[in-house]
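Me: I would like to learn how to read the helix packing and the ring contacts of a model, one feature at a time. Could you take me through them?

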Amino acid sequence: DRALKPDEKSLAANHPRIGMEPNAAGVLAIARKNYREAETSLIRAAGILEASQPPQHAEIGQVLLNLAQAYRLEKKLDQARDTLERGLAEVTLGWGPNDQRLPQWMESLAGVLRAQEDFAGAEELEIRATRIRVLRGIR
């Protein structure tokens, strides 16, 4: 386990490898249902990665998706929605409008919209996600 950890002393504080450690801690905290700790770790990871990577980088997208999940589980639906909308806009820009990774984002955002009773917005995202899945031949 220790051999896999980046040597924080030899890397810059905003090095992307450093950012993935709090992401992993955040995911673990979600699994343990410690959502406040998850939120703190994931905000830190997002800050490090956003300072060291281009906005559309896949790792930033994954951290934002994890952060939105923590917000959703904490019932912070407005923050979850904002995080997912911002992240979806960024990854769509970087990956293109029909990337096979987008349906996961769209379905996560649709779930938050449904919880906020924005059924029309949720349905629109689900239709877009389905179109991408059909276009790309994925389930």
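The dialogue below goes from confidence to helix pairs and then to rings.

Me: What is the mean pLDDT of the chain, and where is confidence lowest and highest?

Reply: This is a predicted model, in which local features need pLDDT of at least 70 and side-chain atom pairs count only at pLDDT 80 or more, while totals for chains, interfaces and linings use all residues. Residues are numbered from 1 along each chain as its sequence is written, and side-chain values use heavy atoms, with hydrogens and water left out. The pLDDT is the predictor's confidence in each residue, from 0 to 100; the chain has a mean of 86, with 86% of its residues at 70 or more. Helices are DSSP runs (H or I, at least four residues), numbered from the N terminus, and confidence is lowest in helix α1 (residues 16–31), at a mean of 83, and highest in helix α6 (residues 119–136), at 96.

Me: How is a pair of packed helices described, and at what angle do α3 and α4 pack?

Reply: Two packed helices are described by the angle between their axes and the distance between the axes. The axes are lines fitted to C-alpha atoms, for helices over the stretch in contact, and angles run from 0 to 180 degrees between N-to-C directions. Helix α3 (residues 58–73) and helix α4 (residues 77–95) pack at about 165°, with their axes 8 Å apart. That makes α3 roughly antiparallel to α4 (angles over 145 degrees count as such). Contact, meaning heavy atoms within 4.5 Å, involves residues including Leu64, Leu67 and Tyr71 of α3 and Leu84, Val91 and Trp95 of α4.

Me: Which residues make the contact between α2 and α3?

Reply: The axes of helix α2 (residues 35–52) and α3 come within 9 Å and cross at roughly 155°, and the two helices are therefore roughly antiparallel to each other. Among the contact residues are Leu42, Ala46 and Leu49 of α2 and Ile60, Leu64 and Tyr71 of α3.

Me: At what angle do α5 and α6 cross?

Reply: Helix α5 (residues 102–115) and α6 cross at roughly 165°, with axes that come within 8 Å, and α5 and α6 are therefore roughly antiparallel. The residues that meet include Leu109 and Leu113 in α5 and Leu125 and Ile132 in α6.

Me: Which ring does the charged end of arginine 101 sit over?

Reply: A charge sits over a ring if NZ of Lys or CZ of Arg is within 6 Å of the ring centre and within 35 degrees of the ring normal. Here the charged end of arginine 101 sits over the ring of tryptophan 95, 3.9 Å from its centre.

Terms used:
Parallel < 35°, antiparallel > 145°, perpendicular 65-115°, else oblique.
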